Amino acid sequence: DDRWLEQTDLTELLLASNNLQGLSEDIKLLPALTVLDVHDNKLTSLPKALGDLDNLQRFNSSNNMLKEIPEELGKLGNLKSLLLQHNELEQIPDAIGQLHCLEELDLSNNSLVTIPSSLAGLTNVVRFNLSNNKLTSLPAEISKMKSLKQLDCTSNLLVTIPPELATLESLEQLYLRHNKLCYLPELPYCKLLKELHVGNNKIEILGADRKS
């Protein structure tokens, strides 16, 4: 019985730490929602109707069993926070790059092998967490994320990082621990950088001394 979903003025729906195995497409009957929190459930998929929640600003679906994210999520033009950590995601749809208001994106602790270059559209993201995935590289387009202050790529399989990363002038914290980097990245334009963590890599030589 989804009649409770007819509470059309509901602005926050917090369903965390339950045993939900699915969300109904009728979620679209709650168009006033600004916050939807379903973290720590047993969700294996998300309804396409999520894309109809035009007012949604914060969506937390971390600690579930999601294997994929619907493209429709890219229609959430007012979304500021998207938390999808601790799932089973192997890829992220290109449409995520359309979330132009997004400020926080957490994709940590999944099984991502790659991330789409469309993330270049996320020009307002301040915190981006990609730690504990299976990334071997980052797209050069990540350099278009001009508001980025914190980038966490801890515990991946990165052999190198794109030189374009050096143009992220807002970057303050860059975490690259537990990867396979052979040299220290050169970051001449990251004037605000306060923390650079590169422990547990394979660095033999500092970037400035690297022979091309």
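Trainee: How many salt bridges does the count come to?

Mentor: Happy to take you through them. This is a predicted model, and the count comes to three salt bridges.

The strands form an open sheet of nine, in the order 1-2-3-4-5-6-7-8-9, with parallel pairing. Its edge strands are strand 1 (12–14) and strand 9 (195–197), each of which pairs on one side only. On average, neighbouring strands of this sheet are turned by 5° against each other, direction ignored.

Now to the salt bridges themselves. One of them joins D52 and K75, whose closest N and O atoms are 3.7 Å apart. D52 sits in the loop between strand 2 (35–37) and strand 3 (58–60), while K75 belongs to the loop between strand 3 and strand 4 (81–83); the pair links distant parts of the chain, 23 residues apart. D52 has 36% relative accessibility, so it counts as partly exposed. K75 is partly exposed too, because its relative accessible area is 47%.

Another salt bridge brings together the side chains of E88 and K67, at 2.4 Å from N to O. E88 is in the loop between strand 4 and strand 5 (104–106) and K67 is in the loop between strand 3 and strand 4, so this pair ties together parts that are 21 residues apart in sequence.

The remaining salt bridge takes us into the strands. Here the side chains of R127 and E104 meet, with 3.8 Å from N to O. R127 lies in strand 6 (residues 127–129) and E104 in strand 5, so the pair ties together parts that are 23 residues apart in sequence. R127 counts as partly exposed at 39% relative accessibility, and E104 counts as partly exposed at 24%.

While you have strand 6 in view, follow the chain onward. N132 lies in the loop between strand 6 and strand 7 (150–152). Its phi is near 60°, a positive value in a residue other than glycine. That deserves a second glance, because most residues other than glycine have a negative phi. With a relative accessible area of 34%, N132 is partly exposed.

H178 is partly exposed, with a relative accessible area of 39%. Y175 has H197 in strand 9 as its bridge partner.

One last stop is the largest pocket, which holds about 190 Å³ of space. Its lining includes E68, I69, P70 and E71, along with Q91, I92 and P93. By class, the lining has five nonpolar, two polar and three charged residues.

Technical notes:
Residues are numbered from 1 along each chain as its sequence is written. This is a predicted model: local features need pLDDT of at least 70, side-chain atom pairs count only at pLDDT 80 or more; totals for chains, interfaces and linings use all residues. Side-chain values use heavy atoms; hydrogens and water are left out. Two strands pair if DSSP finds at least two bridges between them. Helices (H or I, at least four residues) and strands (E, at least two) are DSSP runs, numbered from the N terminus. Axes are lines fitted to C-alpha atoms, for helices over the stretch in contact, and angles run from 0 to 180 degrees between N-to-C directions. On a 1 Å grid over the protein atoms alone, a cavity is a set of points where a 1.4 Å probe fits but cannot get out, and a pocket is an open set with protein on both sides within 12 Å along at least five of seven lines; lining residues have an atom within 4 Å of a point. Grid points are joined across faces, edges and corners, and a volume is the space filled by probe spheres set on the points. Ala, Val, Leu, Ile, Met, Phe, Trp, Tyr, Cys and Pro count as nonpolar, Asp, Glu, Lys and Arg as charged, and the others, Gly among them, as polar. A salt bridge is a side-chain nitrogen of Lys or Arg within 4 Å of a carboxyl oxygen of Asp or Glu. Buried means under 20% relative accessible area, exposed over 50%, partly exposed in between (1.4 Å probe, protein chains only).
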